[in-house]
Protein chains: 2
Amino acid sequence: MALAHAIMTALLDADLSGSELSRDFETSLGFFWQASHQQIYQELHKLADKGWLNRREVQQSGKPNRIVYGLTQAGREALADWVFGKTRMQSAKDELLLKLYNLNAQNAQHLANEITQRREDMMQRLYLYEKVRRTHYAEPAALPTRHKGVYLALAAGISHGEQFLAWCDEALALLSTVEPA
Amino acid sequence: MALAHAIMTALLDADLSGSELSRDFETSLGFFWQASHQQIYQELHKLADKGWLNRREVQQSGKPNRIVYGLTQAGREALADWVFGKTRMQSAKDELLLKLYNLNAQNAQHLANEITQRREDMMQRLYLYEKVRRTHYAEPAALPTRHKGVYLALAAGISHGEQFLAWCDEALALLSTVEPA
DNA sequence: CTGGGCATGTAATTCGTTACATGATTGG
DNA sequence: CCAATCATGTAACGAATTACATGCCCAG
């Protein structure tokens with residue numbers, strides 16, 4: 001049931017449409033939660049049926065109409081309760097590390113390429129995160145309470161990203177010592 | 001299909017039974033791949049049917065018999081091929097960070113407790129990882145090729161863990177500035 | 001000889017992914 | 001007008017979780 005709460009969390013600050021939520025799950029929120037647009041649309045229907053979200057259609061000139069969802073009071077309460085429940089999920093699955101277990105002279109170059117690619121993706125992401133930090137969270141201790149939590153999630157993303165870059169460098173250095181087949 | 005390859009990877013060095021695999025997925029491998037025993041038993045049957053694993057029963061005095069699985073030649077080849085395919089999964093889902101988005105004066109203490117708990121779990125895990133590194137991977141550049149890959153996965157776990165501890169400290173410090181309700 | 005734990009498994013349900021569909025809009 | 005794109009959605013399938021089941025051995 002965690003996707004439901006992820007969606008409601010994304011709606012705390014602003015009402016959003018399915019595609020806007022989808023984009024959030026690819027960028028900011030995407031660091032610690034992923035969901036496809038298909039999942040999101042399904043879940044939005046379920047949540048609206050449950051009475052945790054309300055739904056309204058917004059006319060747009062020169063664009064398809066958006067269907068915008070917002071938290072109801074019941075939704076806010078369900079979300080607040082959920083925070084006190086048991087926290088279970090902390091899954092991390094990474095095929096790349098699995099593949100490294102299979103390292104040999106034949107595939108070393110291939111794996112090095114994959115790591116290089118990921119390094120670049122992470123740099124890109126870090127650049128965005130750092131920009132957000134500078135512009136909105138320069139002085140964490142002075143933030144309003146809820147924003148402190150958002151800042152901490154951002155900080156987790158940034159420090160994980162920096163650690164990852166360093167690991168990539170170590171990995172590429174070590175892989176370069178593997179003699180090609 | 002990645003669970004199949006995770007299991008085969010775990011069987012590269014030694015033949016294992018379902019419960020032994022299960023334990024591996026909780027500890028070493030568990031850092032970047034998780035699987036329940038139910039999933040593992042199901043997948044073992046599938047893989048044996050496919051001819052990628054062989055299966056033999058080992059009599060044990062004073063214990064239930066173990067059913068031990070090992071890679072076949074076909075399994076080794078399928079695994080080697082898989083390394084060259086597209087690497088998609090890098091999912092990370094963490095309810096705790098999601099909950100931090102919902103930070104307020106009421107739940108700050110609860111969240112601080114959860115972070116403290118996770119910090120201790122991670123310390124425990126790091127202690128094990130560091131011990132393995134010291135005893136088996138003291139000089140990475142001198143390792144045989146495949147072990148270099150295993151080392152890199154371990155190194156990813158360790159540096160991620162260290163980063164996480166630092167983040168926990170930052171988080172606890174900032175949470176302590178939230179006035180209780 | 002019984003209660004608890006371990007190794008192995010099955011079944012039902014929920015969650016997530018892949019593939020496909022539809023209408024409307026904008027760029028060329 | 002045609003191709004590409006966006007927003008919304010459905011269907012089928014595969015993966016993962018939850019709940020339950022069975023036999024066997026050990027400790028008390």
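The legends below describe a predicted model.

**Figure 1. Crossing of helices H1 and H3 in chain B.** Helix H1 of chain B covers residues 2-10, and helix H3 of chain B covers residues 37-50. Their axes come within 10 Å and cross at roughly 85°. H1(B) and H3(B) are therefore roughly perpendicular to each other.

**Figure 2. Residues in the contact of H1(B) with H3(B).** From H1(B), the contact is made by B:Leu3, B:Ala4, B:Ile7 and B:Met8. H3(B) contributes B:Gln39, B:Ile40, B:Glu43, B:Leu44 and B:Leu47. Sorted by class, seven residues of this contact are nonpolar, one is polar and one is charged.

**Figure 3. Chain A and chain B about the rotation axis.** Chain A is superposed on chain B by a rotation of 180° with 0.0 Å of shift along the axis, and the RMSD is 0.1 Å. The two copies are thus related as by a two-fold rotation axis. Both copies use the same surface: 100% of the contact residues of chain A recur in chain B. Among the residues of chain A, A:Ala92 comes closest to the rotation axis, with its C-alpha at 2.2 Å.

Methods. Residues are numbered from 1 along each chain as its sequence is written. Chains are lettered from A and ligands numbered from 1 in the order in which they are written. This is a predicted model: local features need pLDDT of at least 70, side-chain atom pairs count only at pLDDT 80 or more; totals for chains, interfaces and linings use all residues. Side-chain values use heavy atoms; hydrogens and water are left out. Copies are superposed by least squares on the C-alpha atoms of residues with pLDDT of at least 70 in both. Contact means heavy atoms within 4.5 Å. Axes are lines fitted to C-alpha atoms, for helices over the stretch in contact, and angles run from 0 to 180 degrees between N-to-C directions. Helices (H or I, at least four residues) and strands (E, at least two) are DSSP runs, numbered from the N terminus. Angles under 35 degrees count as roughly parallel, over 145 as roughly antiparallel, 65 to 115 as roughly perpendicular and the rest as oblique. Ala, Val, Leu, Ile, Met, Phe, Trp, Tyr, Cys and Pro count as nonpolar, Asp, Glu, Lys and Arg as charged, and the others, Gly among them, as polar.
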